[in-house]
Amino acid sequence: MTAIFVADESCPWPVVAAVREAGFDITSIQEDAPGSADDAILRNSVAPGRVVLTQDRDFGELVMRGGAAAVGVVYIRLRGRDWGAIAARVVAALHEIGDQANGAICVIDWTNVRVRQFKAE
């Protein structure tokens, strides 16, 4: 099963567009529910089975330390303003991560992709 995603408002729009163009199923808080609180985004992502794509570390904290229910979190840790390069890196990393995003906190940086499972699949 391929992971499906919801992009938090912190996820840059060029990334959302590139992920969609690459064929991933992704919704966007910017489009669907701007201003939503992080805990509400997590809560609302569980039933449809969506992994949160974000630049906001708070999601990982809510899941790992706070015990919040989640399908998964992919944290984008890419600095810079070259949105084309950032979007391309995220798309490549999502292909690499695949369905491992389900039940995990994943971190994407310029050189690595880390996947830490937080629950059994």
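Student: What makes α1 and α5 count as being in contact?
Tutor: Contact means heavy atoms within 4.5 Å. Pro14, Val15, Ala18 and Val19 in α1 meet Trp83, Ile86, Ala87, Val90, Val91 and Leu94 in α5. The contact residues divide into ten nonpolar, no polar and no charged, where Ala, Val, Leu, Ile, Met, Phe, Trp, Tyr, Cys and Pro count as nonpolar, Asp, Glu, Lys and Arg as charged, and the others, Gly among them, as polar. Keep in mind that this is a predicted model, where local features need pLDDT of at least 70 and side-chain atom pairs count only at pLDDT 80 or more, while totals for chains, interfaces and linings use all residues. Residues are numbered from 1 along each chain as its sequence is written, and side-chain values use heavy atoms, with hydrogens and water left out.

Student: Why is α1 called oblique to α5?
Tutor: The axes of α1 (residues 13-21) and α5 (residues 83-97) come within 9 Å and cross at roughly 45°. Angles under 35 degrees are roughly parallel, over 145 roughly antiparallel, 65 to 115 roughly perpendicular, and the rest oblique, so α1 is oblique to α5.

Student: How do you know that β3 is mostly covered?
Tutor: Buried means under 20% relative accessible area (exposed is over 50%, partly exposed in between; 1.4 Å probe, protein chains only). In β3 (residues 50-54), five of its five residues are buried: Arg50, Val52 and Thr54 on one side, Val51 and Leu53 on the other.

Student: What makes β1 and β3 a pair?
Tutor: Pairing takes at least two DSSP bridges. β1 and β3 have four, in the parallel sense, so they pair.

Terms used. Axes fitted to C-alpha atoms, helices over the stretch in contact; angles between N-to-C directions. Helix = DSSP H or I, 4+ residues; strand = E, 2+ residues; numbered from the N terminus.
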